[in-house]
Amino acid sequence: MAAPTARTASLLQGLGGEMEVNNGEARTSLSYGGKLPPRICPSDADGAVRFRQTSYGLTLSVPLANDTDLIDPQLLDGLSDGPSLSFSLSRYSATKRDAPTGFQSHAWQFGSEVSIGMNQFHYRDPVSLAKHSDWKPQLGIGGFLAFYPKDRRSMVSFGIDYQSSYEAAEEQILCKPMVTDPDKDCAKAAPKGPDREDSLNLSIEYRRAPELKIAGANIGYSPKFTYDSLNDDFGVELPFYFLPSEKSPLLPGFKIGYASDKDDVILGVFLKASFGMMH
């Protein structure tokens, strides 16, 4: 099952995709996931049966806009403003035991992800107004640890992600020293190339699929809080997912979020392949 935040460290097998629009800015991704043969350890002296599953994923994400400052600020994701390729690996573990007080079970998962991307930035010389364009590499590496309560309808996860990315300079009205025709001698553009920005994001997420239906559709939600410890910024988001049926191939939803670095409230809609408790 695919993660609602689209993390590729999942137990999804085969192809999947999604499209997301935040404040009018869209991006899409295509992913392929697989899993290795599971390892099942039979009941031992303490009556426990242990299950192990290793999964992997590969995701290509591309923004559908010409804005070089496209970003997903509610997640403080510096790699979302350009095309990127991510590879992830995770291990899911579950233990079941017949205890005197009744059947008990617990499960947890951990994994990591590496992302590489490129982004093109456009700017002008502040004096001559000559156009310049630079491609900059971007890198991200992170990991997570998730726990699954006995009800199997919820999940709590903790994540850490380091990102090295670039951000475009703010656009200004630039003019040549001698202005005779404002339409030709002035332009709105970034006055310099992008600046490198490193971030270390710490996050906590709670995922829940309660037994609640609205207009015949099951409801899921996954609030998430992210803190950038290097830049003292934070972001929060609250997505809601509508699951029309178990056989439905599409998952619509909407979310609201806030990012302190932009001091902006973000409204978004999305269309994903599936929703699940697994990362």
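## Overall make-up

How many helices and strands does the secondary structure of the protein come to? There is 1 helix, and there are 17 strands. The model is a predicted one.

The protein has 279 residues, and 42% of them count as buried. Among contacts with a separation of 6 or more, 58% are between residues 24 or more positions apart. The accessible surface is about 14,800 Å², and carbon and sulfur atoms account for 60% of that area.

## Aromatic pairs: Tyr92 and Tyr148

The count of aromatic pairs comes to 7. One of them joins Tyr92 and Tyr148: the ring centres are 5.8 Å apart and the planes stand at 70°, so the pair is edge-to-face. An angle over 60 degrees is what this class requires. Tyr92 belongs to strand β5 (residues 84–99) and Tyr148 to strand β7 (residues 131–148), so the pair ties together parts 56 residues apart in sequence.

Tyr92 is buried, at 6% relative accessibility. Tyr148 is also buried, with a relative accessibility of 6%. Ring pairs also bring in Phe51, which forms a cluster with Tyr92 and Tyr148.

## Aromatic pairs: Phe225 and Phe234

For Phe225 and Phe234 the ring centres lie 6.1 Å apart with the planes at 25°, so this pair is stacked. The cut-off for stacking is an angle under 30 degrees.

Conventions. Residues are numbered from 1 along each chain as its sequence is written. This is a predicted model: local features need pLDDT of at least 70, side-chain atom pairs count only at pLDDT 80 or more; totals for chains, interfaces and linings use all residues. Side-chain values use heavy atoms; hydrogens and water are left out. Helices (H or I, at least four residues) and strands (E, at least two) are DSSP runs, numbered from the N terminus. Buried means under 20% relative accessible area, exposed over 50%, partly exposed in between (1.4 Å probe, protein chains only). Contact means heavy atoms within 4.5 Å. Accessible areas come from the Shrake-Rupley method with a 1.4 Å probe; for residues, only the protein chains shown count as cover. Rings of Phe, Tyr and Trp (its six-membered ring) pair if their centres lie within 6.5 Å; planes under 30 degrees apart count as stacked, over 60 as edge-to-face and the rest as tilted.
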